[in-house]
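Q: I have a model open and want to read it feature by feature. Where do we start?

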Amino acid sequence: MLSSRALTIQRFATTTARGFATAVADAAAGGVKVAAVDFGQPTSAVTVLVKAGSRFQNKEGLANVLKNFAFKSTAKRSAIGTVREAELYGGLLSASLTREHLALTAEFLRGDEAFFVDVLSSFITSARFTRHELGEYVQPLVSSDTLTASSNPATRALEAAHALAFRSGLGSSLFAPEHSHIGVDEIKTFAEGAFAKGNIAVVGTNIEASTLTKLVDASFASVAATNASTAPASKYFGGETRIESHEGPQTVFIGFGTTDSSTSAELATLTAHLSTTPLVKWAKGLSPLAQAVPEGTAVQSVYLPYSDASLFGVVVSSKTTEGAKEAGKAVVETLKKAAKGLTEQELKSVVAKAKFGAASEVESREGLVNVLGSKIFTGADVSVESTLSAFDKVTASSFSQAVSTLISAKPTFVVVGDSSRLPYADELGL
Amino acid sequence: MFGPLGISLAPYVRSSKTLSKWIKPIATWYADASGYRKYGFKYDDLIMEENDQVQRALKRLTPQETYDRAYRLKRASHASILHKPLEKEQWTPVSADVRYLKPHVLGVLKEEAERQKWDSITFNKH
């Protein structure tokens with residue numbers, strides 16, 4: 001009894017000791033970066049991050065088509081072979097796309113890493129991109145992505161906001177246009193450019209760093225060792241657009257962008273300040289904004305950091321156009337108040353809230369990959385501590401300074417819904 | 001019974017040097033004598049298309065190939081109505097009589113066989 005308890009404690013000690021691994025740009029892998037963390041849980045996950053997000057595409061929808069080509073036939077196995085074999089191992093394969101990265105993820109039981117790393121790497125090294133698969137399997141997925149996005153007003157508002165805020169680069173949409181003509185040759189060229197060693201990072205959870213590095217070294221050896229893709233530096237523009245839509249709630253997006261990455265902790269704090277999510281069930285929330293928002297209206301603050309720019313904003317969705325207008329006014333008022341400064345007490349609680357949000361995000365696998373993804377390519381410190389310690393440096397003056405600089409820029413304002421009755425930016429006091 | 005492409009001894013004949021030396025001239029003569037080239041057809045236009053596999057294979061042709069195939073079929077049915085072959089310069093030259101559809105049909109068959117294999121696999125994990 002006593003010995004078994006001792007054993008448990010000892011095991012606990014070792015798992016906490018290797019709480020976080022740092023990124024290794026392995027010499028043998030010639031630049032494929034590997035980071036691994038082991039929480040001692042029974043399922044592992046490996047994510048291959050490729051710098052092939054929509055900001056790198058030279059034609060609308062290219063990145064989305066490449067994402068949907070994931071796990072189709074390769075030189076090693078066919079599309080059905082990939083799926084059935086993964087099924088036999090009891091694993092999950094998924095692909096997701098952000099503006100920066102294409103992420104290919106495999107989740108599986110401990111011990112099956114050799115097979116799943118091989119599945120992921122064979123797409124990178126030997127995807128066949130056949131014309132009939134594009135027509136028979138990929139094109140329907142691309143259209144369904146587009147359709148799903150277009151029926152969600154919040155997604156439409158965010159896509160339009162990115163296009164206004166950054167125009168090209170980060171402004172290009174995650175989704176393909178409704179009628180796109182993308183051939184396999186374009187996909188092949190895009191993939192060839194993106195699948196280079198400098199563009200790839202592998203993040204593993206619940207897997208030993210040495211095991212993962214060894215597998216990655218072996219399976220990514222044949223990837224071209226060309227330099228990482230670079231996109232032109234982002235620039236913030238801002239502007240206003242109105243989209244007529246008959247589906248879903250009346251949506252207003254009020255946002256500001258910045259290319260200054262030094263104030264990211266302040267902006268995350270501002271997001272927490274504007275967040276109306278209550279801390280306990282059935283409560284309205286203590287934030288000043290939650291009190292001012294009318295019934296039947298939801299307000300969600302978003303902060304989207306990218307490698308060289310970030311977009312901060314608030315999505316207002318309401319049943320009625322009047323509700324959207326009232327809530328929009330409250331958002332602008334709260335923002336202006338925050339720019340004048342918060343009291344010491346308010347700031348303290350908001351920083352704690354933001355810090356908790358950041359810390360609990362890295363506990364989930366997706367959150368961890370998100371956080372690591374932005375850091376691993378630049379070779380920055382990938383530990384959670386560096387993310388959290390930035391919040392300790394937020395002071396009342398730095399906060400109000402960051403917010404007033406942010407909102408002095410031209411706002412990005414998008415309405416989706418009944419565009420004849422939804423408010424204009426100047427009516428909200430922007 | 002033999003799949004959409006029908007039964008063929010060609011691979012066996014080709015594998016033997018003597019056999020192909022004897023049979024090739026006869027085959028060449030037979031293909032020419034069967035007369036489909038006089039109606040502007042290619043051999044793969046004659047594959048029976050009323051089944052799922054060939055229908056799927058037809059969808060995999062490039063737009064140009066699909067267009068050309070439709071044109072040949074139409075021209076040949078017109079010639080059939082007139083009860084005479086096409087003008088000699090419109091006959092399919094031997095060099096143009098290529099198997100443009102066969103690889104796609106084989107691809108479809110291979111996929112079906114693989115699906116069959118995965119559906120009936122027995123799995124032993126070591």
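A: Start with the interface. About 1,100 Å² is buried between chain A and chain B, and carbon and sulfur atoms give 52% of that area. Buried area is the accessible area (1.4 Å probe) that two parts lose on being put together, summed over both. In chain A, the residues that lose the most area to chain B are A:Arg84, A:Leu88 and A:Arg131, together 44% of what that side buries. This is a predicted model: local features need pLDDT of at least 70, side-chain atom pairs count only at pLDDT 80 or more, and totals for chains, interfaces and linings use all residues. Residues are numbered from 1 along each chain as its sequence is written, chains are lettered from A and ligands numbered from 1 in the order in which they are written, and side-chain values use heavy atoms, with hydrogens and water left out.

Q: How many residues of each chain are in contact?

A: Contact means heavy atoms within 4.5 Å. Here 12 residues of chain A touch 12 residues of chain B.

Q: How many salt bridges cross the interface of chain A and chain B?

A: Side chains of opposite charge can pair when their charged atoms come close. The rule asks for a side-chain nitrogen of Lys or Arg within 4 Å of a carboxyl oxygen of Asp or Glu. It finds 3 salt bridges across this interface. One of them joins A:Arg84 to B:Asp119, with the closest N and O atoms 2.6 Å apart.

Q: Which elements of chain A give two or more residues to the side that touches chain B?

A: Helices (H or I, at least four residues) and strands (E, at least two) are DSSP runs, numbered from the N terminus. The elements are α3 (79-89) and α5 (131-150) of chain A. Of the elements, α3(A) gives the most, with 6 residues.

Q: How many salt bridges are there over all chains?

A: The whole structure has 27. Among them is A:Lys59 with A:Glu186, the closest N and O atoms being 2.9 Å apart. A:Lys59 lies in the loop between β3 (43-50) and α2 (62-68) of chain A, and A:Glu186 in helix α7 (residues 184-194) of chain A, so the pair ties together parts 127 residues apart in sequence.

Q: What about aromatic pairs?

A: Rings of Phe, Tyr and Trp (its six-membered ring) pair if their centres lie within 6.5 Å; planes under 30 degrees apart count as stacked, over 60 as edge-to-face and the rest as tilted. The search finds 9 pairs over all chains. The rings of A:Tyr89 and A:Phe115 have centres 4.5 Å apart and planes at 20°, so this pair is stacked.

Q: What is the mean pLDDT of chain A?

A: pLDDT is the predictor's confidence in each residue, from 0 to 100. Chain A averages 88. Over residues 1-19 of chain A, pLDDT stays under 50. Chain B has a mean of 92. The model scores ipTM 0.79 and pTM 0.88.
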